[in-house]
Amino acid sequence: MASPTHQNGDVPTNNKKPKLSFITDSEIQEEFSHHDPSVARINNGSFGCCPSSVISSQHQWQLLNLRQPDHFYVNHLKKSILHSRTIIKNLVNAQHLDEISIVDNASTATTIVLQQTAWSFHEARFNKGDVVVVLHYAYGAVKKSIEAYVARAGGKVIEVPLPFPVKSNDEIVREFRSALERGRSGGKRIRLAVIDHVTSMPSVVIPVKELVKICREEGVDQVFVDAAHAIGCIDVDMQEIGADFYTSNLHKWLFCPPSIAFLYTRRSSSKGSDLHHPVVSHEYGNGLASESAWIGNRDYSAQLVVPAVLDFVNRFEGGIEGIKKRNHDAVVEMGEMLAAAWGTHLGSPPEMCASMVMVGLPACLGISSDSDAMKLRTHLRDDFGVEVPIYFRPPRDGEVGLVVTGYARISHQVYNRVDDYYKFRDAVNQLVSDGFTCALLSK
Ligand SMILES: Cc1ncc(COP(=O)(O)O)c(C=O)c1O
């Protein structure tokens with residue numbers, strides 16, 4: 001295990017021991033024994049998870065700092081962040097180490113990119129009314145960031161409406177192309193496209209490589225991929241995807257504690273050098289990776305456990321690739337089992353999801369607003385011990401009768417067991433047989 005040997009203040013070592021066998025089921029349960037056993041936790045997507053071996057590594061890093069902070073700062077911190085960046089660079093196939101910065105989370109990465117857009121408006125490199133394109137299903141906080149940094153600076157925001165349920169990538173590509181056309185109407189320039197890799201709600205894998213290519217063909221200045229859910233969940237290859245900026249959290253699907261994300265900034269992107277961390281400290285002007293590695297005195301331990309995470313995932317057959325594949329297969333199987341039990345359907349074909357899948361809920365539950373979806377989620381947590389996000393899809397014009405308006409976003413991670421999904425199935429079946437509808441839940 002890559003953990004700091006802090007007793008004598010030495011550098012944490014990463015001694016490779018020969019692997020005798022893969023992690024066993026009981027060892028997995030032990031690694032996650034801090035999870036509340038009364039809850040079927042089928043929502044890895046929101047907050048991720050962190051095994052106890054990684055928590056213990058983090059704790060040792062914290063002690064190493066607290067034991068002799070000056071020594072830690074001078075001799076360990078920079079070097080260890082560099083080590084984490086090197087591991088991430090290799091995991092995501094970036095070409096150069098200086099393309100990888102470590103930041104707190106996808107929200108921080110988004111701020112870094114959009115702050116640059118705002119300056120381009122303020123410093124008159126962009127004209128008022130120049131366009132930023134974003135998916136309608138972009139994460140709510142990212143849309144707020146666009147409001148704060150783009151709309152306020154004079155940019156026009158064009159949303160790409162996406163169909164849901166979705167049947168094929170072609171539907172997404174078609175909508176994206178027509179949004180670019182709208183963006184360019186009246187001779188406007190599209191300065192930035194913000195594209196999700198895996199949308200949050202409803203969760204769908206977006207064909208980013210294809211959309212980035214379209215942006216290049218259509219003369220979009222820059223492309224930022226918000227891939228908060230990607231690393232550890234889906235293939236992430238910077239050279240293949242070809243975006244200017246790409247961020248992914250490591251605390252969602254790569255077993256890191258909160259909070260850590262990487263922000264990739266393509267070296268050949270002309271504007272890359274003009275990016276700055278919003279928290280300005282001593283490293284200002286020394287490049288984003290250095291700026292991000294010191295944003296004032298704080299706890300950096302989440303950024304230092306990346307080697308311990310690598311050790312953890314390598315205990316599984318196939319390492320992170322094996323975990324990704326098994327999670328995908330299992331979540332699709334569980335999604336199909338639930339849809340069959342409830343007489344509903346999945347929100348996308350299996351190839352358009354990764355480790356999360358949307359499953360239609362029985363129409364008779366009467367989910368008719370975002371508030372109903374939230375109340376049902378709370379009810380499932382409080383009364384049934386099931387943690388799962390619920391999405392409300394408004395009925396389309398012409399849709400009448402009992403249509404599926406609610407979808408559960410189920411996740412699968414290594415700690416999940418089939419009983420977690422049976423518990424959810426049985427909870428919904430009980431609600432249906434009790435004649436429950438969301439209208440019965442108080443405001
Ligand atoms: C698509 C997407 N973007 C951005 C974020 C923000 O991530 P964080 O809260 O870690 O900054 C999330 C969080 O769930 C997300 O799903």
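Biologist: Which residues surround the ligand?
Modeller: The shell is N105, A106, S107, Y139, A141, V142, D196, S200, D226, A228, H229 and N249. A residue is near a molecule if its C-beta atom, placed from the backbone, lies within 6 Å of it. This is a predicted model, where local features need pLDDT of at least 70, side-chain atom pairs count only at pLDDT 80 or more, and totals for chains, interfaces and linings use all residues. Residues are numbered from 1 along each chain as its sequence is written.

Biologist: Which elements give two or more residues to that shell?
Modeller: Those are α5 (106-122) and α6 (140-151). Helices (H or I, at least four residues) and strands (E, at least two) are DSSP runs, numbered from the N terminus.

Biologist: And how does the shell split by class?
Modeller: Five residues are nonpolar, five polar and two charged. Here Ala, Val, Leu, Ile, Met, Phe, Trp, Tyr, Cys and Pro count as nonpolar, Asp, Glu, Lys and Arg as charged, and the others, Gly among them, as polar.

Biologist: OK, new topic. What's the strand order in the open sheet of three strands?
Modeller: The order is β9-β12-β11, with antiparallel pairing. Two strands pair if DSSP finds at least two bridges between them.

Biologist: Why is one side of β9 and of β11 left without a neighbour in the sheet?
Modeller: β9 and β11 stand at the edges and each has a single partner strand, so one side of each has no neighbour there.

Biologist: How many bridges does β12 make with β9?
Modeller: Five, linking β12 to β9 (residues 356-360) in the antiparallel sense. In that pairing, M356 has S411 in β12 as its bridge partner.

Biologist: And with β11? How many bridges there?
Modeller: Three, again antiparallel, with β11 covering residues 390-392. F392 is bridged to G406 of β12, and I390 stands opposite A408.

Biologist: So is β12 itself buried or exposed?
Modeller: β12 (residues 406-411) is mostly covered, with six of its six residues buried. Buried means 20 or more other C-beta atoms within 10 Å of a residue's own, exposed means 12 or fewer, and partly exposed is in between, with C-beta atoms placed from the backbone.

Biologist: Which residues sit on each side?
Modeller: In a regular strand the side chains alternate between the two faces of the sheet. For β12, G406, A408 and I410 are on one side and Y407, R409 and S411 on the other, and both faces are covered.
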